[in-house]
Amino acid sequence: MNEFLTFSDLGFHHIADPRAFDHLLFIITLCAVYRVTEWRKILILVTAFTIGHSVTLVLSGLNILKVPSSLVETLIPVTIVLTSLYNVTLHKDSSTEGTFSKAVRWNYAIALFFGFIHGMGFANYFRSLMGEDGSVMWPLFSFNVGIEVGQLLIVSVFFALHYAIERMFRFAHRDWNLYVSGIGGGGALVLLMQGIFS
Amino acid sequence: MFTLLLGIGSFLAAFSPNGTDHDFKMSICEVIYEPSDRHFDVKIYLFTDDLTEALTGDPKAALPTREAISQYALQHVGLQVNGVQQTLQFSAIRQKEEQVLVQFTTPSLGNIQPATVAVWDNIMLEKFSGQTNMVYLIVPGKNKRTEALDAKRTSVEMKW
């Protein structure tokens, strides 16, 4: 239990750390196109991201998949920029479409594929927590549980804010999408430049 | 378009984020009991750049000498078994990817059965206030004990 709590706490703080918000920024950018009422689509989206990052977290955590951390740290802001551009330029209003329409399926594919990259970022941190002795499976599982809890918290807070702001200021959803995607894309560009020039 | 530009501009103008600055200020201390000859192995994993920064002030400097590294580790890590302070004898140093692994052993405990193990570990805290030092106690046949030490808590006692 002690090991579970320690590693799940580390996983939670890794994703929910406001000082290191790259993963957080990706999640809110990913969610920017959705309304609160589209909770089924949001659930599938979050599940797709979870599957993606869990796969590479496990493979990288077990040293089966090895990707240089410098490359991963560069790709993570790229995923945010691309998601932001997709939201703004290509995404159509999904509110009138079904759960598995073409535009929405693209979102799920993006969440899954970019989840692979974020999982490698999680794994880089996780590997720094492990020594040579003892099994990594339980710590890996616990760490991933912490990440999922953190992810759910981020999504919940984001949509609670969305709902409140939309009601208070009568924001059009299209403007909300543009604003949040702009924040995500702008922030990610700064992260990318910092990574390149540091 | 105005809203989009406003979003981008406000974020860029608000502050200069360093949003990939994940807390990688960590070390690992594995305390492993060897029942065959009743001694403990202590393995300390330190990030190479953090270690060189702590010892030389420059994270990109060449790795300090084995003596300097082992002395530094001994100043910041200690082990007690059944309330008795153990002498940590340096045994090896090697590099493992981005980390340096410093190994110590204790003398044999003889006929004494270890019942409590206390570890204090404040390594790198004098340099990095956000440092986390993971401590793992590994005893064959027992559940692995895991503790995360930091600036608020630099020691732990474990019983089995």
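**Exercise 1.** Decide whether F158(A) and F159(A) are buried or exposed.

*Solution.* Start with the cut-offs: buried means under 20% relative accessible area, exposed over 50%, and partly exposed in between (1.4 Å probe, protein chains only). F158(A) has 9% relative accessibility, so F158(A) counts as buried. F159(A) is buried too.

A quick note before you go on: this is a predicted model, where local features need pLDDT of at least 70, side-chain atom pairs count only at pLDDT 80 or more, and totals for chains, interfaces and linings use all residues. Residues are numbered from 1 along each chain as its sequence is written, chains are lettered from A and ligands numbered from 1 in the order in which they are written, and side-chain values use heavy atoms, leaving out hydrogens and water.

**Exercise 2.** Classify the ring pair of F158(A) and F159(A), then that of F158(A) and W176(A).

*Solution.* Rings of Phe, Tyr and Trp (its six-membered ring) pair if their centres lie within 6.5 Å; planes under 30 degrees apart are stacked, over 60 edge-to-face, and the rest tilted. For F158(A) and F159(A), the centres are 5.1 Å apart and the planes stand at 80 degrees, so this pair is edge-to-face. For F158(A) and W176(A), take 5.7 Å between centres and 45 degrees between planes: tilted.

**Exercise 3.** Find the ring that lies under the charged end of K25(B), and do likewise for K144(B).

*Solution.* The rule asks for NZ of Lys or CZ of Arg within 6 Å of the ring centre and within 35 degrees of the ring normal. K25(B) sits over F128(B), 4.4 Å from the ring centre. K144(B) sits over Y136(B), at 4.3 Å.
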